[in-house]
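Have a look at the structure first.

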Amino acid sequence: MEKNLPEKKKFNFKLTDTIILLIALIALVVFFGFMNKDFFKYDNISSMLKNMVITGILALGLTPLMIARGLDISFGASISFTGVLMAVLYARGTPLVPTMIIGIIAATLIGLLNGFLIETFDLLPIILTLGTMSIFTAIAYVMSGAHSLPMLTDQLYYFATKSFLKVPLPLFLLILFTIVFWFILTYTKIGRVIYIIGANPKVANLSGIKVKNVRIYLYTFMGVVAGVASIVMVAITGVGNPLAGARMSLPVLSAVVLGGISLAGGAGSVWGTTVGVLIVTVIFNGLSVLNVPSYYIQMFQGVALILIVSLYEIRNTRAARR
Amino acid sequence: MNIEKNDIMLEMKNISKNFPGVKALDDVTFDLGKGEILGLLGENGAGKSTLIKILSGDYSLEEGEIYIDGEKKIFTSPHESLEAGIRVIYQELNTFDALTVAENIFAGQLVRNKFGIINWNKMVKEARQILTNLGSDINPNEYMENLSVGGKQLIEIAKAIRKKAKILVMDEPTSALSEKDVLILYSVVRKLKSEGVSIIYITHRIEEIFELTDRVVVLRDAKKVGEVLTKDTSRAELINMIVGRKLSEQYKKKDITKGRIIFEVKNINYLDKVKDVTFSIKQGEIVAFFGLLGSGTHTLFSVLFGDKKKTSGEICVEGKKVDIRHPFAAKLNKIGYIPYDRKEEGVALPLKIRENITATNLENIGKGFMLDRNIENKHAQSWFEKLSMKAPGLETIVKSLSGGNQQKVVVAKWLERNSKIFLMSEPTRGIDIGSKAEIYEIAEELCSQGAAVLIVSGELPEILSISDRIFVMKDGAIAGEFITKNTNQEELMHSATA
């Protein structure tokens, strides 16, 4: 009776979201390259890619969480707090490796706290993480006395500045993250569970999936990711800065939304997120190379975010009518 | 049929509609007289919904013509259909429960004075007028959430006819109503008819056809297969047209040997919704729970499956006491659940058939963390075939399936998990006759393999034909236990209402 399914693959070319985004990305690259020759210089590309690492890691961490209809906007505060914490510990003579481990544990606990509170009390994720965001930003300020605390170590400096085959070392970390997240979401049971929860949490629950537990894991994992991002941040900047994380919220959330993750959950993929990160990075870097003042860049990013969300919404409404 | 040309309100001529890979409508032609009630019958997937969505402007018209009052119309949006006097009341009600009755009736077009400020008094007065015309004494200031399903339905009707409606389409309006509300609905429909409104009435309950309609159009496999005056036809003839094959009208129950007691429930309580419920069920048994709206039957099932936490009581599976605090625990104890709200709780609509079927059993599909697509395909494919699902394949998105096939996917989820105790909440709600019989067959097949099936159903003929035993519930408690072959509709109804 059982037929072995011949996996019929259709080769008809479809204009998927990711392809549209790729085209937009290429168009942007060509545009900025045309406007300023410096854009294509090795130094610029290498620094652009390095800057992309933190945005990318965070956006990847958010991807499964948001597919499962969770949301965390406290990652910026988590980065600031962890960075300051590590700088303080290191300044008091804690060796580098324990410092980094404590940093990651601290960030993980923030994620766990977020997840536990949201899922136990059925809170709105955006509100709860807004709360933890302000709490940990404040703690970071108090701990640092509102100053950047230096944390220069040979190992982190090496990691942040050296290249292998002309590829900056931090970029390897991002590539590793991308592969791991893609693998998890595509080939593992937890990946499937995440998509089922995203499609309909109630159905997932009534299928005997522990939706709340899964989400708590995802929030906790987002904490781990923020911890790693914080270490990369300290490595690249050489300081634990209480302001460091706040700047990350807009580009990271823009990248994720651009990549096709709806704030209502359910949809999204690692490739979408990756392209989203690339686009956000290219826009930021491209405008910087053109000497556009940073406040204007920020304004432009905000406008772009609103545009993207509206376009997706209009398209979804159209699709629903078909 | 023989209607004078100028008495025709609506004509739909040679309507065809294609979806990728499926012909949803094939050259369907019918008309609707002024003040006529036309019954539209057909199995799920026969094309009824598609036809209505073309009329309502939700789908674009590809082939064919629509005439309203003799005038050719092309609807490019639902708005234009509304403008033309067409109102559709869907099976799933779209009410705003946190708002008042009056606000619901005037939703979107609140009554305002010339300064753009809402004129509450006028709005409430007009709402009361509309409701009185419908023969209802519902208070316009009442909050929607306090209304029964029947009451909400009435508000939907009030909303639909607030502005002059020429054509009213009702899609299975009685599927969730209590007997009393059904009678009120009938009188409202008749009243609208007497005022000259033309009505297309879609239902699966053939009794309603004889109760209400003047004429019947039957669709099957996207084509119109029959059109008769109601007074000239019979139940048997209609069923024959719907399914296209001879089907004994009443489902004949097979005799299945009963085994050991598999499921015991002792003194279960849940707040004041379920009171001291005790029963036990043997392998091979189909036990029905019957009760009117609010009797606690559905809540009981949610509690047994761990979706709601019981306040007190004990549950035993195969003689062992089990602690069911979450559906996950129910699943581990071989309990499967087919929820009442299929589209919101049973299947994940945006996912594929394959992904839905294996959702209950991911632990066993592949080693460790890895999901094994080969095993998954094999499992899903075997249920796909055993339950003879009608779909292009495993990769079909569940949203595009008919109700009956979606229900099969829900059943398959629990078969995949090797469940032995099936809790089925209205498993045949909104499902066509052919699929209903298939669901009954599946239930019996499960029983003959040593499972036990518990069914909540509001349809007495269904309960009487499928079950071995019947528990009647009232106000959260069991009001009576009956052996199916020794009882009848009247006795059960008496027990439920006494």
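What follows covers confidence, the chain contact and the cores.

This is a predicted model, where local features need pLDDT of at least 70, side-chain atom pairs count only at pLDDT 80 or more, and totals for chains, interfaces and linings use all residues. Residues are numbered from 1 along each chain as its sequence is written, with chains lettered from A and ligands numbered from 1 in the order in which they are written.

**Confidence**
- The model comes with ipTM 0.86 and pTM 0.76.

**Where A meets B**
- Chain A puts 21 residues into the contact and chain B puts in 29 residues; contact here means C-beta atoms, placed from the backbone, within 7 Å.
- On chain A's side, α8 (189–199) and α9 (201–206) each supply at least two residues, and α8(A) gives the largest share, six residues.
- Helices are DSSP runs of H or I, at least four residues, numbered from the N terminus.
- That side of chain A has nine nonpolar, six polar and six charged residues; nonpolar covers Ala, Val, Leu, Ile, Met, Phe, Trp, Tyr, Cys and Pro, charged covers Asp, Glu, Lys and Arg, and the others, Gly among them, are polar.

**Cores**
- The largest nonpolar core has 161 residues, and I57(A), L58(A), V232(A) and V453(B) have the most contacts inside it.
- Core members are buried Ala, Val, Leu, Ile, Met, Phe, Trp, Tyr and Cys residues joined through C-beta atoms within 7 Å; buried means 20 or more other C-beta atoms within 10 Å of a residue's own, all placed from the backbone.
- Helix α10 (residues 211–237) of chain A brings the largest share of this core, 17 residues.
- Leaving out residues up to four places away in sequence, V453(B) touches I286(B), F422(B), M424(B), A443(B), L446(B) and C447(B).
- Another core lies apart from the largest one and has 63 residues, including V88(B), I130(B), A222(B) and M241(B).

Terms used:
Contact = placed C-beta atoms within 7 Å. Buried ≥ 20, exposed ≤ 12 C-beta atoms within 10 Å, placed from the backbone.
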